[in-house]
Amino acid sequence: MKTILLLMLTAIGLSANEIELTPIQLNLNRIEVRNDTILTYGDCGSLLLSLDAGETWEQIKAFDKGVIQHIFWDGKRMTAFSDYGDVAVSSEGASNWKTVASLNDSVFAVIRYPKGYFIRSDKKIFTITNDYKRIDEFPFASGYIAPQLPYQYRKSVVWFKNNFILSSDYTKCFKFNEQLELTDSISIKDLGLCEKCSTYYQLDTEGDFAYLKVDNIIYRTTDLKNIDTFLNAGMNYLLHKVIENKIHVITLKSKKNYILSIIEKPDSVKILNEFKLDGFTLSLDIHDLQIEDSTVFLIGDEKIGRAQV
């Protein structure tokens, strides 16, 4: 089922410090951009698709209900997972979707690894094949997360050096091998590296490093044994994301004024852009960003924004 959004964006006259917003009726949690094709998705089993770099948008239902936790994009084929455990596939560039499996479990987070997919549910973690058959599982409870926190559990696990790294209690990470055997763990709090030790779940990888955010500090490790501080982003930190193997950070400069920076080495900040963002408030925070062809795209609750870098 499709719904055409009536409101359109225009890119004409977009300067480096201006950003345009499209109000929508969906809460969005992730965005992917490839050339002129933009795909963003969230609740109501829905995604938004633009084929003209954000000039026009089409709302498409991949599922009848629930939140789309992740869409894996392989050329024209896309595979979507909902929080209800349904799996849908599109071979027509996201235009039409067919439900191909039900995992009979919740999906809090899902990532791909060489043999299929790793999934975090409410009471366990488990792996499945590329045709959605169960391989291994391990009991692992995941508690309630306040809905306003970015990412929820979606970025709480990574595949790193042939192991799964899973974040728990915000400050602690567990390492599981491919058979889901627990092999190691580390705690930022126990090491005395954090003060408030409060955060949301966010793990990332880039090259030889895995990154973990606690408080407003981004830590990194190569082996889950030795931890060093990569960036102390300060109290104005809002969000970061690895894009093209580089960490991009959004910070608040002043009320409604934001800074996009790139971090290429520890505590070295290069400012890419400063922009004003009227439509995002404390209740409409930035949930994700993506950069393509010198344009930064931002999403949040009922908002899509873009600005020139």
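Start with the hairpin that joins E10 to E11: the link is 2 residues. Strands here are DSSP runs of E, at least two residues, numbered from the N terminus. You're looking at a predicted model, where local features need pLDDT of at least 70, side-chain atom pairs count only at pLDDT 80 or more, and totals for chains, interfaces and linings use all residues. Residues are numbered from 1 along each chain as its sequence is written, and side-chain values use heavy atoms, with hydrogens and water left out.

E10 and E11 are antiparallel, with 5 bridges between them; two strands count as paired if DSSP finds at least two bridges. Click Arg-112 and look across to E11, where Tyr-117 is opposite.

Stay on E11 and select 116–120. How many of its 5 residues are buried? The count is 5 of 5, with buried meaning under 20% relative accessible area (1.4 Å probe, protein chains only).

Next, follow the chain through the 3 residues of the hairpin from E11 to E12. This pair is antiparallel too, held by 4 bridges. From Tyr-117, hop over to Ile-128, its opposite number in E12.

Carry on to E12, residues 124–128, which runs antiparallel to E13 with 4 bridges. Select Phe-126 and you'll find its bridge partner, Glu-137, in E13.

Finally, zoom out. The 4 strands form an open antiparallel sheet in the order E10-E11-E12-E13. At the edges sit E10 (109–113) and E13 (134–139), each pairing on one side only. From one strand to the next, the twist averages 15°, using axes fitted to C-alpha atoms and angles from 0 to 180 degrees between N-to-C directions.

Technical notes:
Buried means under 20% relative accessible area, exposed over 50%, partly exposed in between (1.4 Å probe, protein chains only).
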